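User: Hi! I'm new to reading structures. Could you walk me through this one?
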Amino acid sequence: MELEVIDCPLSVCKVADYAGVRLEEPFTFTGRTDAERSLVCPTGSVPAGTLAEARVGIFAVSTFDTDYVLVKERDLERATCVLMGAGYVVLR
């Protein structure tokens, strides 16, 4: 088996709809459940309203049951505000 490293930084995000997504862009993948729409796309093509736009770095970790979004302590308040402004519920 051959593996290839692509020279394209990608981002994973949750979107309200796919209206602002350029689906024809290479390395763009969508996933949808009954409760959410997920998007993997080139970082430069991430729709507005995300943590990336607020310049908050994240590290995502997934388990079988849940996902964790880790942010630097100094970015926690800003990340929380951005996410809540985008309609997410943030529990503390």
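User: Is arginine 78 buried, exposed or partly exposed?

Analyst: Arginine 78 is partly exposed, because its relative accessible area is 37%. Buried means under 20% relative accessible area, exposed means over 50%, and partly exposed is in between (1.4 Å probe, protein chains only). A word on the source: this is a predicted model, where local features need pLDDT of at least 70 and side-chain atom pairs count only at pLDDT 80 or more, while totals for chains, interfaces and linings use all residues. Residues are numbered from 1 along each chain as its sequence is written, and side-chain values use heavy atoms, leaving out hydrogens and water.

User: New topic: what order do the strands have in the open sheet?

Analyst: The order is β1-β3-β2, with antiparallel pairing. The edge strands, β1 and β2, each pair on one side only. From one strand to the next, the twist averages 15°. For the terms, strands (E, at least two residues) and helices (H or I, at least four) are DSSP runs numbered from the N terminus, and two strands pair if DSSP finds at least two bridges between them.

User: And how many bridges do β1 and β3 have?

Analyst: Six, in the antiparallel sense. Lysine 14 stands opposite serine 38 in β3.

User: What does the side chain of tyrosine 88 reach?

Analyst: The backbone oxygen of lysine 14, at 3.4 Å. Tyrosine 88 sits in the segment after α1 (76-85). Leaving aside residues up to four places away in sequence, tyrosine 88 touches Lys14 and Leu83, where touching means heavy atoms within 4.5 Å.

User: Last one: where is arginine 55?

Analyst: In the loop between β3 (37-42) and β4 (58-62). Arginine 55 has a positive phi of about 60°, although it is not a glycine. Arginine 55 counts as exposed because its relative accessibility is 72%.

Notes. Polar contact = N/O pair within 3.5 Å; in protein donor to acceptor, adjacent residues only side chain to side chain. Axes fitted to C-alpha atoms, helices over the stretch in contact; angles between N-to-C directions.
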